[in-house]
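Please keep the sequence and the 3D view at hand while reading.

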Amino acid sequence: MKTFRGGVHPDCKKESADIKIEKADLPPKLIIPLQQHIGAPAQPLVEVGDEVKKGQKIAEAGGFVSANIHASTSGKVIDISEYLYPNTMGRKALSAIIESDGKDEQDEQIKPYEAKLFDSDDLVDHIEGQEILDLIREAGVVGMGGATFPTDVKLNIPPGKEIDSIILNGVECEPYVTPDHRLMVEKPEKVVDGLRFMMKAINVNRGFIGIEMNKPDAIESIRKATGKYSNIKVFPLKVKYPQGWENILIKVILDREVPPGSLPLDVGVVVANVGTSAAVSDAVRHGYPLIERVVSVTGSGIAEPRNLLVKIGTPFLHIIEQCGGFKGTVKKVIAGGPMMGFTMFDVNIPVIKGTTNILALTDQEVKEHEPKPCIRCGRCVNVCPVRLVPRMIALLAKQDEFEKAEEYNPLDCKECGCCAYICPAKIPLVQLIQHAKADIMARQRAAKAK
Amino acid sequence: MSVLIAVGIIGIVSFILAIGLGYASNRFAVKVEPKVKEVEESLAGLNCGVCGYPGCRNYAEAIVHKNVDIDKCAPGERETVLKIARIMDINVENFVPKVAVVRCQGSNKETTSRFEYRGVKDCRMANSLGAGFKSCSYGCLGLGSCARACPFDAITMNDDGLPVVDEEKCTACGVCVETCPRNIMELIPRNQKFYLACINKESGKNVSNICQVGCIACKQCVKNNPEDEAGISMDGKLPVVDYDVIKQWDKANEVCPKSCFAFRKDNII
């Protein structure tokens, strides 16, 4: 089986892999950040005191690279101010606080696409590509694997670029995380449907769905759903982290190398998450905006791990309580997976479009290691999927020798965490590389400003 | 006898080489302007780079040709400035050397931690993770990056997690100012006897929740200082001391309910 160089094999620990997706309870109060995506924050369309319906647009995209934000339930806007949202920097974003009225009434403006066609398989042949892009933009769909890049912008191919394939990312290589897995098992038609719309939107005739081999049930159900379509191929992949990074997917599936500093579309590929694909299907067929997503709640610190369909803006604590609350002495709550997710210090932050997983770890697993000196074993070099020399960058960053560190190309680092995971001396390599990156980028910005 | 031959040969060879060297040193001499040379000689001569130039010669050239400030040679201190001023014919009557001060008093007794930080013990890295672990998002993180960065060992961390500047060793080179991710270090004139040791710009209510010695924007200092608004004025939620107008105010902390002002103990100029 084809695979990539480097990578690590962390214990999968997919505790919630066999648990069905359930609808989460409606929270009394939702915190909806107007910046849930990469790009410009959305501009609010409502004011404090306004009544809103479920699915009503409450903020308009604030630029080309931006996304609309919709109310996740019906109720009243009680505040619009800065609140903490899931991000590593501890930043706050302008957020609309909606007090739920419990009715969960849908906005009348949400209509399915042409009554006759909306659930027919042929819709994809009748609809125009541009129409699909407009519907995706209106629905505020962003990349749901965590990067939250606006999907319509991703599908808006700049002139001069030839795209020949779309790859759906159902790899989910991070330990613990399971929402994509469950989605592929339970709603494979929707996933495939969204892929067909995306292929139509950018006029591509070849689709791949990459799934790791540790999800045989997902591979089977997606295979069944793609049976009719000869141009969509399911691609089982070796279980290895970070198999789900798009550049690696492209390398493994199509054997194309994305050069440093380029995007997948430079080599003729668009990569999208399976969750995004399902959201595209909903947006095109039913006109549903992206107001809920599947979140897995797992870890030894959670009493009953579950997969929940959660409304965007639901506070973490409300979700954790529905899973039986905390179990044991919880030391860490992580938004996302343990490899690339970020630890949150406040459990009242909301679920946003890019929140895949809530992970609670107990004092049994969260151990503090005093970093030991580097013994130059070279394991970090072996596992680095980008083929960097993590220890050199980290060493130089520690000594503030950023100019020398720059020679080792730290900006190509995707912060997947393989090096820090494998390091026997427990050196926080990723943090040190981030430190170097921050300094280099600050200097580049200053040079540009001049 | 053979020793004499050896001495003779070596002597002749060295004589020829000496002539060659003498010629070369004249022929290929790097011409240095006398003024630059003079300035360079009055600099400390450590080639330490604190001035921002690769070496003393480069800084001397910049002084002579590009009119840059003459007070950047930190190790040379006041004497150097006076010497250069004489050479360059600059009036330095009003020149007051500076000193670094810590504009935060929120040690780990007065503030709390929002979460446990387990990363690299460096303020800059801690600051970029969750906006820092301290309750105050403006206050000193106390991991000692400034102390490690100081080229003169003038900064030490005290037991409560705050940096302390040894004013005798401090040369006002500004490395700590650049290093601190929260801009807590500031260079102030050495004849300034007091300063505001808080930079939190949030509202008073927020500050009093997170720090016992943080400025709550009550404006008492603005109203009650001897020079009135000319001495201390408000910039948003934070008072600003005009160092040109008010240099000494011993009773500042009797007025300030949170004792936010700090006083310099030493009078080293």
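Two strands are said to pair if DSSP finds at least two bridges between them; helices (H or I, at least four residues) and strands (E, at least two) are DSSP runs, numbered from the N terminus. By this rule, β3, β5 and β6 of chain A form an open sheet of three strands in the order β3-β5-β6, with antiparallel pairing. This is a predicted model, in which local features need pLDDT of at least 70 and side-chain atom pairs count only at pLDDT 80 or more, whereas totals for chains, interfaces and linings use all residues. Residues are numbered from 1 along each chain as its sequence is written, chains are lettered from A and ligands numbered from 1 in the order in which they are written, and side-chain values use heavy atoms, with hydrogens and water left out.

**Confidence**

- The pLDDT is the predictor's confidence in each residue, from 0 to 100; chain B averages 88, and 99% of its residues score at least 70.
- Among the elements of chain B, the lowest mean pLDDT (84) belongs to helix α4 (residues 77-88), and the highest (95) to strand β2 (residues 155-157).
- For the complex, the predictor gives an ipTM of 0.84 and a pTM of 0.86.

**Strands of chain A**

- Strands of a sheet pair through backbone hydrogen bonds, either parallel or antiparallel.
- Strand β5 (residues 57-60) of chain A is joined to β6(A) by two bridges, and the two run antiparallel; Lys57(A) has His70(A) in β6(A) as its bridge partner.
- Strand β15 (residues 330-335) of chain A is joined by five bridges to the antiparallel strand β17 (residues 357-362) of chain A, where Ile358(A) is the bridge partner of Ala335(A).
- Three bridges connect β15(A) with strand β16 (residues 342-344) of chain A, also in antiparallel fashion, and Val333(A) stands opposite Met344(A).
- The hairpin of β15(A) and β16(A) has six residues between the strands, and Gly336(A) takes a positive phi near 100° there.

**Interface of chains A and B**

- In contact (heavy atoms within 4.5 Å) are 13 residues of chain A and 14 residues of chain B.
- Phe345(A), Glu368(A) and Gln431(A) supply 44% of the area that chain A buries against chain B, where buried area is the accessible area (1.4 Å probe) that two parts lose on being put together, summed over both.
- Three salt bridges (a side-chain nitrogen of Lys or Arg within 4 Å of a carboxyl oxygen of Asp or Glu) cross the interface.
- One salt bridge links the side chains of Glu368(A) and Arg118(B) (3.6 Å, N to O).
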